[in-house]
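Work through the exercises below with the sequence and the model in view. Each task is followed by a solution in steps.

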Amino acid sequence: MFRVGFLIISSSSSLSPLLLVSVVRVNTTNCNKCPGMDLLSGTYIFAVLLACVVFHSGAQEKNYTIREEMPENVLIGDLLKDLNLSLIPNKSLTSAMQFKLVYKTGDVPLIRIEEDTGEIFTTGARIDREKLCAGIPRDEQCFYEVEVAILPDEIFRLVKIRFLIEDINDNAPLFPATVINISIPENSAINSKYTLPAAVDPDVGINGVQNYELIKGQNIFGLDIIETPEGDKMPQLIVQKELDREEKDTYVMKVKVEDGGFPQRSSTAILQVSVTDTNDNDPVFKETEIEVSIPENAPVGTSVTQLHATDADIGENAKIHFSFSNLVSNIARRLFHLNATTGLITIKEPLDREETPNHKLLVLASDGGLMPARAMVLVNVTDVNDNVPSIDIRYIVNPINDTVVLSENIPLNTKIALITVTDKDADHNGRVTCFTDHEIPFRLRPVFSNQFLLETAAYLDYESTKEYAIKLLAADAGKPPLNQSAMLFIKVKDENDNAPVFTQSFVTVSIPENNSPGIQLTKVSATDADSGPNAEINYLLGPDAPPEFSLDRRTGMLTVVKKLDREKEDKYLFTILAKDNGVPPLTSNVTVFVSIIDQNDNSPVFTHNEYNFYVPENLPRHGTVGLITVTDPDYGDNSAVTLSILDENDDFTIDSQTGVIRPNISFDREKQESYTFYVKAEDGGRVSRSSSAKVTINVVDVNDNKPVFIVPPSNYSYELVLPSTNPGTVVFQVIAVDNDTGMNAEVRYSIVGGNTRDLFAIDQETGNVTVTEKCDVTDLGLHRVLVKANDLGQPDSLFSVVIVNLFVNESLTNATLINELVRKSTEAPVTPNTEIADASSPTSDYVKILVAVVAGTITVVVVIFITAVVRCRQAPHLKAAQKNKQNSEWATPNPENRQMIMMKKKKKKKKHSPKNLMLNFVTIEETKADDVDSDGNRVTLDLPIDLEEQTMGKYNWVTTPTTFKPDSPDLARHYKSASPQPAFQIQPETPLNSKHHIIQELPLDNTFVACDSISKCSSSSSDPYSVSDCGYPVTTFEVPVSVHTRPTDSRTSTIEICSEI
């Protein structure tokens, strides 16, 4: 009866297809006519299943050949290359490829493997082929087997490595005894042969016994070597001469045996030959080869076989003696007994098929003669199910105290151990299956016929199960079956896979400021689902936490360690961390919001300890003087500030909320220059706080300084302009400064005369003079441009003018000629331009140079002549001026220009002299006594440039007046009604009551200098009222002068002196 089923074998490898194996089971219940069918069918099915399992298990075999007795650290092979593992498709591996040698605990491996490279090396353990393979026949190969696991699980393979141990010549052949005794009958014929005991060499092949040599044979004996059917070499002694016992009955020689190894090894034995009487018939076995089978559980004394031998001789020569040949192994001699008389072989000790499955017994039958008979008995020990299976656990994950520790987060299919189940029995008795006893998250996966991998089949969870005691069961197929069990202990290691969890998602707390350090605010807490150190929680302040707070690591108590100030920080927002002690630690955080409750602990704060305001004297009543700014760092009513003026000052009022100060009076700087009072600021706290500040109001004048030119330095300077200059190019920059401040010092430039061809333009802010168009031949020559600089002062704008001489030419070929041309141009009206036609024609450069030299010479001569004539004519006029100085007449101030008082002097015109009017403007500026940059009074001489004599005022850089203190606020920018800072200093000696037309006499030794038409005005006097910086000869005159002070300014007077020469 047949039953057909299907077994589906699947593999976890994505490369292995699903196999469908048809299994045919033979039911032998009613099959009495087919003995052995059950065994054959079962064996066939098992073989098919085993082949499928091995095919899909990722298992491989690799063979290597090594020699015995190899030293340590000899490279045997490279699994990475030999198994072509480098060709494995590139996968995402959780860890690097690893090679792990799997061996039984307690064994000393003969090889080691590099875990990262797969290279195989020998170890310090001795590789002795004769010891490793002592129980196998000499003609069989010797193998040493180990298993190697290739990790990680994504590419897991189990490789069985078989090392073929090659024999080396490490053993010398030895005779059974050092002295060999042999008896030879005296009637032995020549060339008779007698077998000698063979030497034994544990080595095999060429390293075994190869040759025998007779030493000192005395030419009576020789030596022959025969080879047995088993391949052994046997020595035979050859009689080469007739023997005569009566003549000599004993011969002593040496026999030498040699192997074929390198280096060759040998040994000797003493051969003692005794000459005896003759026995001419040798025993004969009835069967020379006998094979018997006996179960391994046969009791001691059981007969194995009976040997039969006969001898044709009679008497003593016919008595046969049975013995084992010296080639029989010691194991066989120990297990079997041979009756020397009867030839019966019996069991001497219990047999063990698992130790030695078969034995070769070479039996000799001797009648005392020289040639004993030989018979080979082959004993096959048959198996019985007398061995329980053994379970060998070889750990891939190294155990600790025989317990494997696995992390709870290891992946599926993690290989834990290689389970090898063996049964020393054979066939069905040795077929073993292995399984576990109950449902666990582990499984056994077969890799070889008797090996299984223990791996994880489900995810582990320490919180649910902390340890496993896995019972491994192994059972054979014998009848009755034998089984064995083993325990494998696995502990699950808790991993830190649960982060702490706070009981609150957001923590809010409030605290008044000015607290005492050490006050506890709140306590935070968190829980952790892990156990042990992984559940121990430490509380930490986050990196954003301020230093004002501390946190107890164990209890989570939040404490204020510093005194808090709401005015510095009104709230704190930071995080608290809960960190467990796992590796690596897990953390979580909670946000903490701490709000600070305000206390009235700050007084109002003025922006300045002292306020200085500067107002023009024409500021209307109830106008805006300035603004007092007060702040209070507190919050709410504690920061509501009210302002008031102390000491009931009725001259000024202050807005209690805005801090704007307004006057209740009209200012008069000549009556009072400043006002001082104190302002009080008080907050609205329950217990109010207050502070005060000093306020000083200074009364100042209005715009009274006009711009002064610095560049050009005089009306006689000039600038070269190349005809090739592109339009828009800056050819000159006019610079003027104003001693005033604010808008009174802002200067704007404009061209008010000259420039008849509109060839030049000026930037009103920078003063840059640019070319408006490309110059042509008609533009060559000297151009006079009249530039006006006026300030933006209010209410009256002041201005100055200057002549800018621009010489359009390719080069300055004759500077003297140009200087003369500039000088003469000052006598001509400003509007027309003076030109030099063809001043620098490229075609007549040499002619121009010659003409310029001649013209320069003539000019010098003419200038010298004119100077001499002018000086001769000026002497009488000067004397006349001194006589008529009492006729001087002062003019009242011009309403359009209140800075000047004009003085005119008229003289009769002479027929031979030109009628030229020279008008000199003298500005007298008084300075304060505390001005460190000037001493006494200062006089500035200003001359309009459209007159015959032009004198440029010099800018004094060190006397720039400073009105505001460095730390006082400038409120003129906030209130347009405020007057800009004046450009003068108030002198202490200035009379406060000199308001209208006060005449101040100048010192009698004041000397005002009138220069000639070329030179600038200068003075030889060191008096502070004089004007210096003249480098040319001058003509001086001395007149008494009195000054009419302008009605609105008691510090500055301008004198206009008109004299006709």
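## Exercise 1: A sheet with β11

Three bridges join β11 to strand β14 (residues 233-239), and the two strands run antiparallel. The model is a predicted one.

Task: Find the bridge partner of Tyr194 in β14, then give the order of strands in the open sheet.

Solution. 
- Step 1. Tyr194 has Leu237 as its bridge partner in β14.
- Step 2. The open sheet has three strands in the order β11-β14-β13, and their pairing is antiparallel.
- Step 3. The edge strands are β11 (193-195) and β13 (221-227), each of which pairs on one side only.
- Step 4. On average, neighbouring strands of this sheet are turned by 35° against each other, direction ignored.

## Exercise 2: A sheet with β22

Solution. 
- Step 1. β22 and β23 run antiparallel and are joined by three bridges.
- Step 2. The open sheet is formed by three strands in the order β19-β23-β22, with antiparallel pairing.
- Step 3. From one strand to the next, the twist averages 15°.

## Exercise 3: The largest nonpolar core

Task: Say how many residues the largest nonpolar core has and which element gives the most to this core.

Solution. 
- Step 1. The largest nonpolar core has 29 residues. Those with the most contacts inside this core are Phe285, Leu307, Phe322, Phe336, Ile345, Leu361 and Val363.
- Step 2. Two or more residues each come from β18 (289-295), β21 (321-324), α4 (330-335), β22 (336-338), β23 (344-347), β24 (358-366) and β25 (373-382).
- Step 3. β25 gives the most to this core, with six residues.
- Step 4. Take Phe336 as an example: leaving out residues up to four places away in sequence, Phe336 touches Val304, Phe324, Ile345, Thr346, Lys348, Leu351, His359, Leu361 and Val379.
- Step 5. Another core, of 27 residues, lies apart from the largest one; among its residues are Val404, Ile410, Ile419 and Ile440.

## Exercise 4: Cysteines

Task: Which cysteines does a disulfide join, and is Cys142 buried or exposed?

Solution. 
- Step 1. With sulfur atoms within 2.5 Å as the rule, the count comes to one disulfide.
- Step 2. This disulfide joins Cys133 to Cys142, at 1.6 Å from S to S.
- Step 3. The torsion about the S-S bond of Cys133 and Cys142 is about 70°, so the disulfide is right-handed.
- Step 4. Buried means under 20% relative accessible area. Cys142, at 1%, therefore counts as buried, and Cys133, at 11%, is buried too.
- Step 5. Apply the cut-off to two further cysteines: Cys434 has a relative accessible area of 11% and is buried. Cys775, at 11% relative accessibility, also counts as buried.

## Exercise 5: The chain as a whole

Task: How many helices and strands are there in the chain, and what share of the residues is buried?

Solution. 
- Step 1. The chain has six helices and 69 strands.
- Step 2. Of its 1061 residues, 45% are buried.
- Step 3. Among contacts between residues at least 6 apart in sequence, 68% join residues at least 24 apart.
- Step 4. The accessible surface of the chain is about 55500 Å², and 52% of that surface belongs to carbon and sulfur atoms.

Terms used
Residues are numbered from 1 along each chain as its sequence is written. This is a predicted model: local features need pLDDT of at least 70, side-chain atom pairs count only at pLDDT 80 or more; totals for chains, interfaces and linings use all residues. Side-chain values use heavy atoms; hydrogens and water are left out. A nonpolar core is a set of buried Ala, Val, Leu, Ile, Met, Phe, Trp, Tyr and Cys residues joined through side-chain atoms within 4.5 Å. Buried means under 20% relative accessible area, exposed over 50%, partly exposed in between (1.4 Å probe, protein chains only). Helices (H or I, at least four residues) and strands (E, at least two) are DSSP runs, numbered from the N terminus. Contact means heavy atoms within 4.5 Å. Two strands pair if DSSP finds at least two bridges between them. Axes are lines fitted to C-alpha atoms, for helices over the stretch in contact, and angles run from 0 to 180 degrees between N-to-C directions. Accessible areas come from the Shrake-Rupley method with a 1.4 Å probe; for residues, only the protein chains shown count as cover.
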